[in-house]
Amino acid sequence: MSNESLANLLKEERRFAPPADLAANANVTAEAYERAKADRLGFWAEQARRLTWAEEPTETLDWSNPPFAKWFKDGKLNVAYNCVDRHVEAGNGDRVAIHFEGEPGDSRSLTYAQLKDEVSKAANALLELGVQKGDRVAVYMPMIPETAIAMLACARIGAAHSVVFGGFSSDALATRIQDADAKVVITSDGGYRRGKPSALKPAVDEAVERAGTVEHVLVVRRTGQEVAWDDSRDKWWHETVDRQSAEHTPEAFDAEHPLFILYTSGTTGKPKGILHTSGGYLTQTAYTHWAVFDLKPETDVYWCTADVGWVTGHSYIVYGPLANGATQVMYEGTPDTPHQGRFWEIVQKYKVSILYTAPTAIRTFMKWGDDIPAKFDLSSLRVLGSVGEPINPEAWIWYRKNIGADATPVVDTWWQTETGAMMITPLPGVTHAKPGSAQRPLPGISATVVDDEANEVPDGGGGYLVLTEPWPSMLRTIWGDDQRFIDTYWSRFEGKYFAGDGAKKDQDGDIWLLGRVDDVMLVSGHNISTTEVESALVSHPSVAEAAVVGAADETTGQAIVAFVILRGAAAESEDLVTELRNHVGATLGPIAKPKRILPVAELPKTRSGKIMRRLLRDVAENRQVGDVTTLADSTVMDLIQSKLPAAP
Ligand code: WT7
C-alpha cells in the first residue's frame with residue numbers, strides 16, 4: 001500500500017443485537033472489556049487459572065527481550081493432562097469428547113475416559129519408538145480421531161508435533177519433515193475423500209526417503225487399501241498402540257515448552273515453521289473457545305468443520321475444545337458427499353449447537369441453494385462462527401438467515417496461524433453485530449489500524465492492522481530462524497506486530513478486515529480493498545462469489561478486474577455485466593467500478609479455501625499463469641482461461 005491510506009468505501013448499516021436469553025446467560029459480559037483494560041496482565045493471569053498447573057506461575061509475562069515473549073514462564077503443566085485426564089478426574093469421564101462421523105457413514109463416539117486411555121497408549125507407543133521429550137513428530141493424517149490422539153500423545157510426552165495437511169504433496173511433506181528434523185511420522189493408509197479412499201502412505205514413503213531424518217512411520221489402518229511396507233521402519237498403529245498399557249503418568253513441562261510447529265506457506269519464500277508453546281497457547285485457546293462461542297460444556301455440541309492440518313483445527317478442534325471438556329463432532333469428508341446436504345444432516349443428527357466454518361464454505365452453500373439446508377432440522381444451533389477470510393456481509397446475512405433461523409449470533413473471528421487463537425471478534429452475548437466486521441479486539445487483546453507512518457488512523461480511516469501488545473498464544477518464533485521472525489512481523493512498525501492485513505475503522509471505532517495488503521489495489525491514486533469490491537458484487541442477487549484483482553492499466557495505474565460466479569438461476573449476458581458494474585458503482589462509488597467483469601464457473605482457491613488472486617492477476621494482465629501447485633484443483637485455471645481471448 002502506498003500514497004494514501006486505504007479508502008473506506010463499504011457502508012453497512014444493518015445491526016443485530018444479541019438474543020436476549022443468550023445475553024442473560026452469557027459466559028462473558030461487557031464488564032470483561034473493562035476489567036482487562038484496567039489490568040491486562042491480571043486478566044490473563046486469571047484466565048490461566050482455567051488450566052490445571054502442576055506448578056502455578058507467579059510471573060505472567062516476561063517481555064524483557066522483545067519480540068521474544070515468555071508467558072507464565074515459571075509455571076509447569078502437561079497440556080494433554082489438561083485436555084483429557086482432568087475431565088475424567090472431575091467425574092466427566094462418561095461425557096463424549098468426540099463424535100466421529102466418517103465420510104462413508106461409519107461413526108463412533110469416544111468419551112473422555114476412552115480418550116484418556118487412547119492418548120496414554122499412544123504416548124507409551126511413541127516412547128517405545130524412541131521419541132523423547134524435545135523431539136519432533138510429523139503427523140500426516142485424514143480427519144479421524146487418531147489424529148487428535150496422536151497430537152495429544154506428542155503433547156503428553158513433550159514432543160512437538162508438526163501436522164502437515166493430508167492434501168499436501170510428498171514434496172511439501174519432505175521439506176517440512178526436514179526443516180523440523182522429525183524422527184517419527186504418524187500417518188494412515190489413507191482417508192475417504194469425495195466418496196472414495198484417497199491414499200496417504202505413498203506420499204510418506206517418498207517424503208521419508210528424501211528427508212532422511214525419520215526412524216519410524218506409525219500407520220493407522222483407515223481404508224484398508226494396499227500399502228508398501230518397510231518392516232524395519234513401518235509399524236501399524238493397531239499392532240503398536242493397542243497392546244500398550246493405558247497407564248501413563250504425564251510429566252509437567254515448562255509453560256514455554258514447545259507444543260507444535262505449523263508451517264504457513266505465505267506467498268513467497270520457503271514455508272515458515274510457526275512455533276507455539278504450551279501454557280500461554282492453551283490459556284488463550286481455552287478462554288476464547290469458551291468466551292466467543294459461549295460454550296456450556298455440559299449441554300453444547302460443538303462442531304468445527306476445519307481440517308486438523310490448519311491452525312483452526314489445532315486450536316478449535318483439539319486444544320481449545322478439549323481443554324474446556326466440550327463435546328464435539330469431527331467429520332472426515334467433504335460437504336457434498338454423498339449429497340449437498342451432508343453438513344446439515346450432521347447438525348441434525350448430533351443436535352449441533354455451535355458451528356464454526358469458513359466464508360468459502362458459506363458461499364458454496366449459497367450457490368447450492370437455500371432449499372438444501374431448509375430440508376433439515378437446524379433448530380439446535382445457537383451460535384455460528386466464521387473464520388479464514390473476510391466474510392462478505394451478504395454471506396453473513398445468508399448464514400444467519402438460512403442456518404441460524406434468523407436468530408443466532410454470527411461471530412466473525414479474525415486471527416492467524418501466528419496468533420494461535422482468536423484476536424478480533426464479536427462476543428455473542430455482548431456485541432451488536434455488524435455483518436462483515438470482526439469489530440473489536442477480545443478482552444486482553446490490543447489491536448489497532450495504522451497508516452504508512454505508524455500513526456493510528458482516526459475512526460473512519462483505513463490502513464494496516466497491527467497488534468500493539470503481546471498476547472499469550474502468540475507465535476514465539478519461526479522454527480530455526482529468529483531473524484526471519486523479527487523481519488517478517490516486527491520490523492515494518494517499531495514495537496508492533498504487523499499482521500499483513502489491510503483494515504479500516506468505522507465511525508464507531510469497529511475494525512473491518514480488508515484482506516492481505518498484497519491484494520490491495522491502487523486505482524488513480526486511491527487504495528481500494530479487493531474485499532470491499534467483492535462484497536459489493538456478492539450483495540447483488542445474481543452473484544454467488546467474486547474475486548477482484550488490480551491489473552496494470554496505462555491510465556489509472558491499476559484497473560479493477562472482477563471474476564464472478566453467478567447464482568444458479570442467473571444467466572450470463574452483456575446486460576448483467578453492465579448491471580453489476582453499476583451496482584458496484586452505486587454501492588461503493590464510481591472509483592470502485594470494475595473495468596472488466598468476467599463470469600466464470602470456478603475460482604482458484606488454496607486447499608484451505610482462500611482465493612489465489614495472484615493467479616487471477618496473471619490472467620487479467622495476459623501473462624502466463626504462475627505456480628499453481630498450491631491450488632486445490634489445478635484444472636480451474638484452464639477453465640478460466642478458456643473463457644478469455646488468447647494472450648497476445
Ligand atoms: C489470514 C490468516 C485463523 C485461522 C485460519 C486462517 C485471514 C482469517 C479472518 C476474518 C478477515 C481473516 C487474514 C489473516 N483471515 N480470519 N475473520 N476476517 N480475514 O489462518 O491461514 O494463518 O490465515 O486469514 O488475512 O491474516 P491463516
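The crossing of helices α5 and α6 is right-handed; a crossing has this hand if the near helix is turned clockwise from the far one by less than a right angle, and is left-handed if anticlockwise. The model is a predicted one, in which local features need pLDDT of at least 70 and side-chain atom pairs count only at pLDDT 80 or more, while totals for chains, interfaces and linings use all residues. Residues are numbered from 1 along each chain as its sequence is written. Helices (H or I, at least four residues) and strands (E, at least two) are DSSP runs, numbered from the N terminus.

Two packed helices are described by the angle between their axes and the distance between the axes. For α5 (residues 112–128) and α6 (residues 145–157), the angle is about 65° and the axes are 8 Å apart. Axes here are lines fitted to C-alpha atoms, for helices over the stretch in contact, and angles run from 0 to 180 degrees between N-to-C directions. On the α5 side the contact involves Glu118, Val119, Ala122, Ala123, Leu126 and Leu127, which meet Ile149, Ala150, Leu152, Ala153, Cys154, Arg156 and Ile157 of α6. Contact means that the C-beta atoms of two residues, placed from the backbone, lie within 7 Å. By class, the contact of α5 with α6 has eleven nonpolar, no polar and two charged residues. In this scheme Ala, Val, Leu, Ile, Met, Phe, Trp, Tyr, Cys and Pro count as nonpolar, Asp, Glu, Lys and Arg as charged, and the others, Gly among them, as polar.

Next comes the sheet. It is open, with eight strands in the order β12-β11-β8-β6-β7-β14-β15-β23 and mixed pairing. Its edge strands are β12 (234–236) and β23 (477–478), each of which pairs on one side only. Two strands pair if DSSP finds at least two bridges between them.

Strand β8 (residues 184–188) has parallel partners on record here in β6 and β11: four bridges join β6 (residues 136–140) to β8, and five bridges join β8 to β11 (residues 216–220). Val185 stands opposite Ala138 and also opposite Val217 in β11. In a regular strand the side chains alternate between the two faces of the sheet. In β8, Val184, Ile186 and Ser188 point one way and Val185 and Thr187 the other way, and all are buried. A residue is buried if 20 or more other C-beta atoms lie within 10 Å of its own, exposed if 12 or fewer, and partly exposed in between, with C-beta atoms placed from the backbone.

Gln178 belongs to α7 (residues 170–180). Gln178 is partly exposed because it has 16 C-beta neighbours inside 10 Å. Not counting residues up to four places away in sequence, Gln178 touches Ala211 and Thr213. Gln178 and Val214 are 36 residues apart in sequence, with their C-alpha atoms 9.0 Å apart in space.

The remaining positions come from the UniProt record. An unreviewed entry lists Arg193, Arg194, Gly195, Lys196, Thr312 and Ser524 under "binding site". They span 332 residues in sequence and the farthest two C-alpha atoms are 50.6 Å apart, so they do not all gather at one spot. UniProt positions are given in the numbering used here, feature names are shortened, and annotations may be inferred rather than shown by experiment. Arg193 lies in strand β9 (residues 190–193) and is partly exposed, because 17 other C-beta atoms lie within 10 Å. Lys196, in strand β10 (residues 196–199), is exposed, with 12 other C-beta atoms within 10 Å.

The unreviewed entry also gives Val538, His540 and Val543 under "binding site". His540 sits in the loop between α17 (530–538) and β28 (543–553) and is buried, with 20 other C-beta atoms within 10 Å. Val543 lies in strand β28 and counts as buried with 27 C-beta neighbours inside 10 Å. Beyond four places in sequence, His540 touches Leu580 and His583, while Val543 has contacts that include Val538, Val564 and Leu580.
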